[in-house]
Amino acid sequence: MAKNLTHTAVLKDKVILITGGTGFLGQKLIQKLLDIGTPRKIIIFSRDEFKQHEMGQSLSDPKGKLRFFLGDVRDLARLERAFKGVDIVIHAAALKQVPALEYNPLEAIKTNILGTQNVIDAALNNNVKKVLLVSTDKAVNPVNLYGATKLCAERLLVAANAYRKNEKIAGFSVVRYGNVIGSRGSIVEILERQKDSGLVTLTDKRMTRFWITGEGAVELVLDALSLMKGGEIFIPKLKAMMLKDLLKTVAPNCKVKIIGIRPGEKIHETLLTSDEVRRTRDIKNHYLIEPEHDWWKTEHLKNFSYVPTDFSYTSDKVRHLKPEELKSMLTL
């Protein structure tokens, strides 16, 4: 794939730190950054020493751009040290497993909310130019604790722009997207484990989900870094799928057992609330939610229209993937 010249320019000679950098998105993103080649240094910040070791062994880094920092976003002092000299922070660290977080709610709050505030404080204190939070559709009208903590994280990031010392610094923004194909704990991974038994499970026949590839998530992050002024929430234009269609694609010869919707689960997913629609612009490849703060300026977006007032962005309303499209995406 040809390099995006805008991404290449924005990343040129920058020191980039990724919290949760050993996760699925982090690994995809780091490989892309190495392929682009223009960043000066790429720092993987995470608490998983074994995954850091594995990444160090598997990634080709002939120019010595990679650095591996052990640390936890709960530890402000460690973040303060790690952020010295950093230009861009991509904040992907989070606890994400819904059932585990319902059982251990305070741990979710410590990492996803207080950890995010630590990232903000460390970035402000070190004059980091850009901070981008990786969020989720679960933050929209949340029905579980994970979604609620990510909603809080989004609000913290957007509000942090009021504390910028220099308005020329791009500040703090957010990307929000749906389920990533092949990520750890994804439905595809679960189905691959189940299908050997000849029986797969489905919670509800009506259920739909937004769908994005790892490459699509990386492109969204890089586009946001290129476009952000601080305060925006960037949302990709995604297709969706019926989960029953996914089962037919991944496990066509298996019997299906309906187990009922689980606590904290939705029938359909939403990427924009009805209130956010009023502040959402169509910026070609993505949607952009403008912040509701008096420091927000709109001149740079004057060529992009707002979406219709009756616009709805839910996984049952967008175009659904056809079986052949699903098969193609599963091979990426």
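**Views of a predicted chain**

**View 1. The whole chain and its surface.** The accessible surface of the chain is about 16,300 Å², and 51% of this belongs to carbon and sulfur atoms (areas by the Shrake-Rupley method with a 1.4 Å probe; for residues, only the protein chains shown count as cover). This is a predicted model, in which local features need pLDDT of at least 70 and side-chain atom pairs count only at pLDDT 80 or more, while totals for chains, interfaces and linings use all residues. Residues are numbered from 1 along each chain as its sequence is written, and side-chain values use heavy atoms, with hydrogens and water left out. The chain has 12 helices and 14 strands (DSSP runs numbered from the N terminus: helices are H or I with at least four residues, strands are E with at least two). Its radius of gyration is 20 Å, close to the 20 Å that the globule rule gives for 332 residues, so the chain is as compact as a globular protein of that length (the radius is taken over C-alpha atoms; the rule is 2.2 Å times the number of residues to the power 0.38).

**View 2. The open sheet.** Nine strands form this sheet in the order E3-E2-E1-E4-E5-E6-E10-E14-E13, with mixed pairing (two strands pair if DSSP finds at least two bridges between them). At the edges are strand E3 (66-70) and strand E13 (280-282), each pairing on one side only. On average, neighbouring strands are turned by 20° against each other, direction ignored (axes are lines fitted to C-alpha atoms, for helices over the stretch in contact; angles run from 0 to 180 degrees between N-to-C directions).

View 3. Strand E6 (residues 171-177) and strand E10 (residues 233-236) run parallel and are joined by two bridges. Val-174 has Ile-233 of E10 as its bridge partner. Helix H3 (residues 49-58) packs on the sheet and touches strand E2 (41-46) and E3, its direction making about 170° with that of E3. H7 lies across E5, E6 and E10 and runs at about 155° to E5.

View 4. Asn-144 sits in the loop between strand E5 (130-136) and helix H7 (145-159). Asn-144 counts as buried because its relative accessibility is 7% (buried is under 20% relative accessible area, exposed over 50%, partly exposed in between; 1.4 Å probe, protein chains only). Its side chain reaches the backbone oxygen of Gly-264 at 2.7 Å and the backbone nitrogen of Tyr-146 at 3.3 Å. Leaving aside neighbours within four places in sequence, Asn-144 is in contact with Val-98, Glu-102 and Gly-264 (contact means heavy atoms within 4.5 Å).

Key. Polar contact = N/O pair within 3.5 Å; in protein donor to acceptor, adjacent residues only side chain to side chain.
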